[in-house]
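Good morning, and thank you for joining.

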Amino acid sequence: MSESQRALIDRLTAACGGSYPPGVRRRYFISGPQWAAAYQGQALFHAPNREPVSYQEVIRHYARIGIPCWATHDTDVIPTDTLLTDAQWAIVDDIKQNLEAHGLRCSMVTTETFHHAVWAASAAAEAPEVRDYANRRLANTVDIGHKLGASYAVYWPGSLGYLVQGAIEETQTLRWYAEGLNAACDRDIEVARQLGRPTLRHCLEAKPFEPQAQILLPTSDAMLAFIASGLLTHPEMVGLNPEYLHELMWGTAPRAALSRALVAGKLWHFDINDGYPLKHDVDIAVGLCNPLDWLNVLVLLRSHNYQGPFNLDYKPPRTTSNYGVFAVSFPTAVDRFITLWEMAGEVQSDPIIAEATAALRAGGHPASTNVNDIVAANKELLTLHELIAHRLFQVLVGQHRGRVYSL
């Protein structure tokens, strides 16, 4: 039964067309996280319904699909009790060998500071022994990152906050959290000097809610303020890893949040996925909910020559089988991203959008500086805003190339 169903999946996937060969997919700075591919379908109200997947399997499948980079939490691949012991290095060496054997590279590492019981009160808890352990774990991830050849380290302080009022003193908690980042950066400088490598780019990831009821750094804007607060010893080493859905969750426009990070020079890494505004963290694959918004986001990033990774931080649906994760979910997610990225290039070179934009920026040439003359000079011109939006839709559905739908 399963073989015939897989044959059906493969036949219909091929019939869809539009897929890119692995060699083309490897041209894009796309990273596949260990946790995304190994996600078993578990959630607050859901039991796991997929079989476990090892890092060896994930790396092998990513290589076959054409995903060029791999990323991981420390505990995705190393048991918590093995971390900070000599035994961890045998696992790290095996990961490195698997990456090299399959032509992948590790782009990013991150420390799990939210799941284990030790983080019940966050990595910046009142207990000094918890904070000391957190600092050692963060520094250890830096060591692992350098060993694997990573260029980025990401930090998601999802447990940094509180459930009940008055439980913490927020300013002190933020100072303690900064100490952990300072420990990571200090260790990074030391190891990079020893190895003759560049330091990592340390990227903060915001999320407005979950798992804590109130989170101290809930948005990318809050992260930017934290970086500039004076609490960090090396703020020049710390930037952002916005996640598309995390910004959407609190109701902002992801493109606007990314714009503010670009202006600050802190957009270094980008987690790509999709979902719905003002909902929980559903982590749907890129382009399945908001393709027009995604097109706009990628126009922005192409316009500003964004060079960082696009990290596939999503969860294959619980309805997708283990086979489907690598036969359908990841290949199609990569292909939708590439398609939208190339569409964004078409938007940049579209003559209609270019002429409309130039006309708007040139202004209406009023007869005088009188306010009424200024309004009159631009009144018709501003209609181009809606026309530009329509043209973006045409690019999305192929009408700009003459594709039409008629009865």
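Predicted model: local features only at pLDDT ≥ 70, side-chain atom pairs only at ≥ 80, totals over all residues.

Let me begin with strand β6, which pairs with strand β8 (residues 238-240) in the parallel sense over 3 bridges. Residues are numbered from 1 along each chain as its sequence is written, and side-chain values use heavy atoms, with hydrogens and water left out.

Two conventions apply to what follows. Strands (E, at least two residues) and helices (H or I, at least four) are DSSP runs numbered from the N terminus, and two strands pair if DSSP finds at least two bridges between them.

Strand β4 in turn runs parallel to β3 (residues 105-110), joined by 3 bridges; T110 has V154 of β4 as its partner.

How many strands form the open sheet, and in what order? There are 8, in the order β8-β6-β4-β3-β2-β1-β10-β9, with parallel pairing. The edges are β8 and β9, each of which pairs on one side only.

I turn now to helix α11 (residues 254-263). Its buried residues (buried being under 20% relative accessible area with a 1.4 Å probe, protein chains only) include P254, A257, L258 and A261. These four lie on the same side of α11 because they cover an arc of only 95° around the axis, the arc being that of the directions from the helix axis to the C-beta atoms. They pack against α9 (220-227), β8, α10 (244-249), β9 (270-271) and α12 (291-303), where contact means heavy atoms within 4.5 Å. After α11 comes G265, whose phi is positive, near 70°.

On a 1 Å grid over the protein atoms alone, a cavity is a set of points where a 1.4 Å probe fits but cannot get out; a pocket is an open set with protein on both sides within 12 Å along at least five of seven lines; and lining residues have an atom within 4 Å of a point. Grid points are joined across faces, edges and corners, and a volume is the space filled by probe spheres set on the points.

By this rule there are 2 cavities of 30 Å³ or more. The largest cavity has a volume of about 110 Å³, and of its 15 lining residues, T113, A123, L138, Y155 and Y177 are the closest to the centre. Helix α8 (170-195) gives the most to this lining, with 4 residues. The second largest cavity holds about 40 Å³ and is lined by T113, S122, A123, P157, S159, L160 and Y177.

Of its 18 lining residues, the closest to its centre are G17, G18, S19, T332 and D335. Which helix gives the most to this lining? The answer is α13, with 8 residues.

Terms used
Buried < 20%, exposed > 50% of the residue type's maximum accessible area, 1.4 Å probe, protein only.
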